[in-house]
Amino acid sequence: MSWCTIESDPGVFTELVETLGVQDVEFRELVTLEPSDFASMGTVHGVVFLFKWREEDYTAEAIAASGVFDYSEDIFFARQTVNNACATQAIINGLLNVDTVKDVGETLREFRSFASALPAVSDDRQRRCCVQRRLGAGA
């Protein structure tokens, strides 16, 4: 299964979240990670890093070697199970984990409520099917 690829562009990301009902969030492009760049932007809710996915970075050995993970119940994390959804996943995971966004909108509030009720570890096919039905994307 593949996701509809969206342009990695701040304007496209902003339009996406506005369509979902998110209020007062704008995406901007950064060319450096200098503190002065962040300071000039005002409130920064998160940073989306875009880079090519490499399967060898996600072997069991690579994941185990990458550090300690926080499996806190307070963190919302929707695992990517389809190709080409990295930016969408980063945006949704980011928006649903910050308290600086005033309003994520009804669609994302309902999605978080629904998805949070699913087991933290489950069969990816089952979860994907349930989420697709919930969002009206078909089975």
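Good morning. The protein chain exposes about 10,200 Å², and carbon and sulfur atoms supply 53% of that area. Please keep in mind that this is a predicted model.

I begin with the secondary structure. The protein chain contains six helices and zero strands.

Next, burial and contacts. Of the 139 residues in the protein chain, 21% are buried. If we take the contacts between residues at least 6 apart in sequence, 48% of them join residues at least 24 apart.

Which residues make the nonpolar surface patch of about 680 Å²? They are L33, V44, V47, F49, F51, Y58 and I63. V44 sits in the loop between α2, residues 35-39, and α3, residues 60-65. Its relative accessible area is 33%, so V44 is classed as partly exposed. Membership of a patch requires over 30% relative accessible area, and V44, at 33%, therefore passes that cut-off.

I come now to the charged pairs. How many salt bridges does the structure hold? There are two. In one, R28 pairs with E26, and the closest N and O atoms are 3.8 Å apart. The cut-off for a salt bridge is 4 Å between such atoms, so the R28 and E26 pair, at 3.8 Å, falls within it. As for accessibility, R28 is partly exposed because its relative value is 45%, whereas E26, at 55%, counts as exposed.

The other salt bridge joins the side chains of D103 and R109, with an N to O distance of 2.5 Å. Are these two residues buried, partly exposed or exposed? D103 has a relative accessibility of 27% and therefore counts as partly exposed. R109 is also partly exposed, with a relative accessible area of 45%.

Finally, I wish to consider a residue in a helix. Q89 belongs to helix α4, which covers residues 86-95. Is Q89 buried or exposed? Q89 is buried, because its relative accessible area is 17% and the limit for burial is under 20%. Leaving aside residues up to four places away in sequence, Q89 touches A78, R79 and Q80.

To summarise, this is a chain of six helices without strands, with a nonpolar patch that includes V44 and with two salt bridges. Thank you.

Key:
Residues numbered from 1 in each chain as written. Predicted model: local features only at pLDDT ≥ 70, side-chain atom pairs only at ≥ 80, totals over all residues. Heavy atoms only, no water. Helix = DSSP H or I, 4+ residues; strand = E, 2+ residues; numbered from the N terminus. Buried < 20%, exposed > 50% of the residue type's maximum accessible area, 1.4 Å probe, protein only. Contact = heavy atoms within 4.5 Å. Areas by Shrake-Rupley, 256 points an atom, 1.4 Å probe, with all protein chains shown as cover. Patch = residues over 30% accessible without salt bridge, like charges linked within 9 Å, V, L, I, M, F, W, Y side chains within 5 Å.
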